[in-house]
Amino acid sequence: MANEDAFFEVDDSQVIEVLDAVLRRWRDPTPFLEEVGALVVASIMRNFEVGGRYREAGDWRGGTRRWRPLSVLTLFGSLGKKGGKFFKKRGGLKKRGEKRLAGKKILIDQGHLMSSINYQVRREELVVGTNLPYAAIHQFGGKAGRGKTVHIPARPYLVIQDEDLEQIRAIGNDYLTGRV
């Protein structure tokens with residue numbers, strides 16, 4: 001049997017075309033990041049609506065834990081000494097506080113924090129957050145008030161869920177393959 005050289009010709013023009021398209025898209029990820037930003041903000045809005053969906057304080061990944069309820073003192077703190085005396089005479093702060101809590105959603109008083117959540121795309125970067133000065137104390141917890149005597153529990157709202165990560169992967173795949 002004679003040694004014969006085998007020669008195969010492969011038309012790789014379609015593969016090169018696809019790779020070129022992926023590279024072009026990757027050079028400008030702005031449309032991908034815009035879509036991801038909108039998705040993340042919508043997920044964070046759901047965190048407010050349901051009263052928290054977090055795993056643990058300090059973690060950016062979501063979970064099933066809910067935020068701690070507001071304390072009765074938080075609810076009546078703005079009434080001052082006279083208001084506190086009034087409610088003590090009329091059945092106690094705890095009982096009145098529970099009535100006042102009915103229908104209240106945590107971290108949504110006037111809606112400023114929730115409505116301040118936004119995203120910005122800067123070149124190849126997505127930034128999600130808020131510029132409100134009191135936002136961090138709610139996210140991470142800590143001491144607040146005059147003399148830092150009031151403990152604010154962490155109520156992580158800037159978290160995303162596992163299903164959001166799956167959607168982000170799908171958006172990325174669609175973007176890179178040209179389906180978006």
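Let me begin with a term: two residues are in contact when heavy atoms of theirs lie within 4.5 Å. With that in hand, the buried residues of helix α2 pack against α6 (112–116), β1 (118–122), β2 (125–129) and α8 (162–177). Please keep in mind throughout that this is a predicted model.

I shall set out the overall layout, and then return to α2. The protein contains 8 helices and 4 strands. Along the sequence, these elements follow the pattern α-α-α-α-α-α-β-β-α-β-β-α. The protein has 180 residues, of which 32% count as buried. If we take contacts between residues at least 6 apart in sequence, 56% of them join residues at least 24 apart.

Now to helix α2 itself. Helix α2 has 21 residues, and the distance from its first C-alpha to its last is 30 Å, close to the 30 Å expected at 1.5 Å a residue. The buried residues of α2 are F32, L33, V36, G37, L39, V40, V41, S43, I44, M45, N47 and F48. After the helix comes G51, with a positive phi near 80°.

Is F32 buried or exposed? F32 counts as buried because its relative accessibility is 17%, and the cut-off for buried is under 20%. Setting aside residues up to four places away in sequence, F32 touches I168, I171, G172 and Y175.

Which residues does S43 contact, once its neighbours within four places in sequence are left aside? They are R53, V159, I160, Q161 and D164.

I turn next to the pairing of α2 with α8. Two packed helices are described by the angle between their axes and the distance between the axes. For α2 and α8, the axes come within 10 Å and cross at roughly 165°. Since angles over 145 degrees count as roughly antiparallel, α2 is roughly antiparallel to α8. The crossing of these two helices is right-handed. On the α2 side, the contact is made by P31, F32, E35, V36, L39, V40, S43 and R46; on the α8 side, by D164, Q167, I168, I171, G172 and Y175. Sorted by class, this contact of α2 with α8 has 8 nonpolar, 3 polar and 3 charged residues.

Helix α8 also meets helix α1. The axes of α1 (residues 13–27) and α8 come within 8 Å and cross at roughly 120°. At that angle, α1 is oblique to α8. Which residues meet in this case? From α1 they are V22, R25 and W26, and from α8 they are Y175, L176 and T177. The classes in the contact of α1 with α8 are 4 nonpolar, 1 polar and 1 charged. Y175 is listed in the contact of α8 with α2 and again in that of α8 with α1.

Let me now move to some exposed positions. R27 belongs to helix α1. R27 is exposed, with a relative accessible area of 61%. R27 and R123 are 96 residues apart in sequence, and the distance between their C-alpha atoms is 9.9 Å.

That brings me to R123, which sits in the loop between β1 and β2. With a relative accessibility of 78%, R123 counts as exposed. Its backbone is also worth a remark. Most residues other than glycine have a negative phi. R123 is not a glycine, and yet its phi is positive, about 50°.

K148 provides a further case. This residue is found in the loop between β3 (142–144) and β4 (150–152). What is the phi of K148? The value is positive, about 50°, although K148 is not a glycine. K148 has a relative accessibility of 56% and so counts as exposed.

To close, I return to helix α2. In the pairing with α8, α2 runs roughly antiparallel, and the crossing is right-handed.

Notes:
Residues are numbered from 1 along each chain as its sequence is written. This is a predicted model: local features need pLDDT of at least 70, side-chain atom pairs count only at pLDDT 80 or more; totals for chains, interfaces and linings use all residues. Side-chain values use heavy atoms; hydrogens and water are left out. Buried means under 20% relative accessible area, exposed over 50%, partly exposed in between (1.4 Å probe, protein chains only). The expected span of a helix is 1.5 Å times one less than its number of residues. Axes are lines fitted to C-alpha atoms, for helices over the stretch in contact, and angles run from 0 to 180 degrees between N-to-C directions. Angles under 35 degrees count as roughly parallel, over 145 as roughly antiparallel, 65 to 115 as roughly perpendicular and the rest as oblique. A crossing is left-handed if the near helix is turned anticlockwise from the far one by less than a right angle, and right-handed if clockwise. Ala, Val, Leu, Ile, Met, Phe, Trp, Tyr, Cys and Pro count as nonpolar, Asp, Glu, Lys and Arg as charged, and the others, Gly among them, as polar.
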